Amino acid sequence: MKTRAIILLAIFLSAFALLPERIITGIVTDGANTPIAGVNVTIQGSGAGTVTDQTGRFSIRVPNLTRALVFKKTGYAPLRMPVTSGSFLKVVIIPRIDTMQPQQIADQELNAVELSRTAKSLAFNQVRTAPSAFRGTAIHLPSPTESYKPINENGFLLVSQQPVTTFSVDVDRAAYSNVRRFLNNGQMPPEDAVRIEEMINYFDYNYPQPSGEHPVAITSETTDSPWNPGLKLVHIGLQAKTISTENLPASNLVFLIDVSGSMSDPNKLPLLKQAFKLLVDQLRAEDKTSIVAYAGSAGMVLAPTSGKEKKTIKEALDKLEAGGSTAGGEGIELAYDLAKKHFLPKGNNRVILATDGDFNVGISSESELQKLIEDKRKAGIFLSVMGFGMGNYKDSQVETLADKGNGNYAYIDNIQEARKEFVQEFGGTLFTIAKDVKIQIEFNPALVQAYRLIGYENRALRNDEFDDDKKDAGEMGSGHMVTAIYEIVPKGVQSSYIQSSGALKYQQGNGATTGSSDEMMTVKVRYKKPDSEQSLLFELPVKAMPVAFEKCSENLRFASAVAEFGLLLRGSEYKGKATYADVIQRARGAFGKDEEGYRSEFMQLVKAAQSLDGSQGTVRK
């Protein structure tokens, strides 16, 4: 019997040894995208492993059945990374709380109770040595003071009661890179951090360039909803005219940089310096740049300097050091004063604020800051905001500031994202070609029973504000694209998402319409030229001509996959039959050229969320 057991065991081990293997390569970095050497990389449940080299890179041979790799280094929180079908991993690990200096802990704004709870939790996790200790998310610092505006998800509206819907465009993409930061750190994002419209708009689409008198063009497509059988999706794309860099107006830029104590982390001020150097490389001789830094007080670090003096500007950036409290309001006032003093009547006058959003000294109330920024916007000085860091990141505040300042808002989580904002999309990031862009849609009650706009909850406008030129709205820069997706319930289709409120006594109930009977909806766009306060209007009727999903453009197919991913991350009540597997399948079939690899990266994020979410109902921290 003993001999038989030995033979069986030998056969089993031989079979295991013959399992097909593959090689996985990757790079391990910290939050500022700095490579980390000496990280132990092992196969979960096995002693086999390797160590990262001086460039943070590794290569490891793994059986095809491997479920996860484990990354460990003294002073850093261990990380369990699920193994997917991909062959390259980008891994981010962060310092353990017990290796941080007291000032760093204070900068995380953890109070004594929170710190005690964190230490106990960390100690408990570190005592456990079995593989189950790494089940779920990675051990990491909590984010007790990150703040996000609550999102009350758009529901279905009956056309018989509200046939018109209005919203402001949104070209911000900060939510996507912030969601990426969470997933790369092994954690599902908070629901309110997931703004679906910003995730969709993160990607480029192949929309036609404007060819007429307006600087913006509209396209539309209609198809079946992949996750809600019986319903339809209407995909609306706006494309702003692309202007070559040499034809862009001269710039008067003021870099307003937060150097307070909360910015000392590697993924804050150090990453910020790298990012702004990329922007400096894009400046021309006719562009001028100033630098204002603020902490306990604000001061001018660099007087207006020509873009050809790149070495001088970069040296000024290198001298910045973090320390002190955050006089954000004082810094903004000084930056605006500098921009006003060197104002270019026909140029691009803009303050670029880089911060974690932690304004706690000076003009600190959101209403005061908003009023200041709105006044300066009316004077022709716009504000763009670049968010950095985690832990005490104030998404809710920096988003509002950029919205009120006629600027865009981006979250920079690594140097690749900085390159996307400041190099690849330089014109769109800094040069506005249409401001206060609003969209209004009227649905035909003869064909549409109900509708729902996916995302844009914080961009909703009253219908009467569409024609009000005093009402602020979003901006579109050179080459910018805006995508909006409506989910509609066709006339006569039963849906659990809508409930009849009963017949109305004084309203017509026959669905009569004075428009064309084959028009499902009309899209109206209103915008202003950058130097004008009078809006212009144009519109596009949308015919009721749905196309089979597989025959739709890559634009629609990929954008709908991103929307579906957002519904899953938010745990939306409207996600229907959405699954991560379906998102992956649909996205894979709509990659297009993907020259920069953003869509491939999207696939990896979906797979990471799929692993973290398990039953698609994980509890968010």
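Biologist: Hi! Let's start with α6 and helix α11: how close do their axes come, and at what angle do they cross?
Modeller: Hi! The axes of α6 and α11, which spans residues 415-424, come within 9 Å and cross at roughly 30 degrees. Keep in mind that this is a predicted model.

Biologist: Okay, what does that make α6 relative to α11, roughly parallel or roughly antiparallel?
Modeller: Angles under 35 degrees count as roughly parallel, so α6 is roughly parallel to α11. As for the handedness, α6 passes α11 in a right-handed crossing.

Biologist: Which residues make that contact?
Modeller: From α6 you have Leu 271, Gln 274, Ala 275, Phe 276, Leu 278, Leu 279 and Gln 282. On the α11 side they are Ile 415, Ala 418, Arg 419, Phe 422 and Val 423.

Biologist: And how do the residues in the contact of α6 with α11 split by class?
Modeller: Nine are nonpolar, two are polar and one is charged.

Biologist: Nice. What about Glu 533, which residue does its side chain meet in a salt bridge?
Modeller: That would be Lys 528, with 3.5 Å from N to O. Glu 533 counts as exposed because its relative accessibility is 51%, over the 50% cut-off. Lys 528 counts as buried, since its relative accessibility is 2%.

Biologist: Which residues do salt bridges with shared partners join into one network?
Modeller: Arg 173, Lys 420, Glu 421 and Glu 425 are joined that way.

Biologist: Changing topic: where does Thr 29 lie?
Modeller: Thr 29 is in strand β1, which covers residues 21-29. Thr 29 is buried, at 6% relative accessible area. Leaving out residues up to four places away in sequence, Thr 29 touches Thr 34, Pro 35, Ile 36, Val 91, Val 92 and Ile 93.

Biologist: And Val 28, is that one buried or exposed?
Modeller: Buried, with a relative accessible area of 0%. Val 28 is also found in strand β1. Again leaving out residues up to four places away in sequence, its contacts include Val 39, Thr 52, Gly 56, Phe 58 and Phe 71.

Biologist: How far apart are Val 28 and Leu 89, in sequence and in space?
Modeller: They are 61 residues apart in sequence and 8.4 Å apart in space, C-alpha to C-alpha. Across the protein, among contacts between residues at least 6 apart in sequence, 77% join residues at least 24 apart.

Biologist: Can you zoom out for me? How many helices and strands are there?
Modeller: The protein has 15 helices and 24 strands. Of its 621 residues, 55% are buried.

Biologist: At what angle do α13 and α14 pack?
Modeller: At about 160 degrees, with their axes 9 Å apart. That makes α13 roughly antiparallel to α14, and their crossing is left-handed.

Biologist: Who's in that contact between α13 and α14?
Modeller: Phe 558, Ala 561, Glu 564, Phe 565, Leu 568 and Leu 569 come from α13. Their partners in α14 are Tyr 580, Asp 582, Val 583, Arg 586 and Ala 587. By class, the contact of α13 with α14 has eight nonpolar, no polar and three charged residues.

Definitions and conventions
Residues are numbered from 1 along each chain as its sequence is written. This is a predicted model: local features need pLDDT of at least 70, side-chain atom pairs count only at pLDDT 80 or more; totals for chains, interfaces and linings use all residues. Side-chain values use heavy atoms; hydrogens and water are left out. A salt bridge is a side-chain nitrogen of Lys or Arg within 4 Å of a carboxyl oxygen of Asp or Glu. Buried means under 20% relative accessible area, exposed over 50%, partly exposed in between (1.4 Å probe, protein chains only). Axes are lines fitted to C-alpha atoms, for helices over the stretch in contact, and angles run from 0 to 180 degrees between N-to-C directions. Helices (H or I, at least four residues) and strands (E, at least two) are DSSP runs, numbered from the N terminus. Angles under 35 degrees count as roughly parallel, over 145 as roughly antiparallel, 65 to 115 as roughly perpendicular and the rest as oblique. A crossing is left-handed if the near helix is turned anticlockwise from the far one by less than a right angle, and right-handed if clockwise. Contact means heavy atoms within 4.5 Å. Ala, Val, Leu, Ile, Met, Phe, Trp, Tyr, Cys and Pro count as nonpolar, Asp, Glu, Lys and Arg as charged, and the others, Gly among them, as polar.
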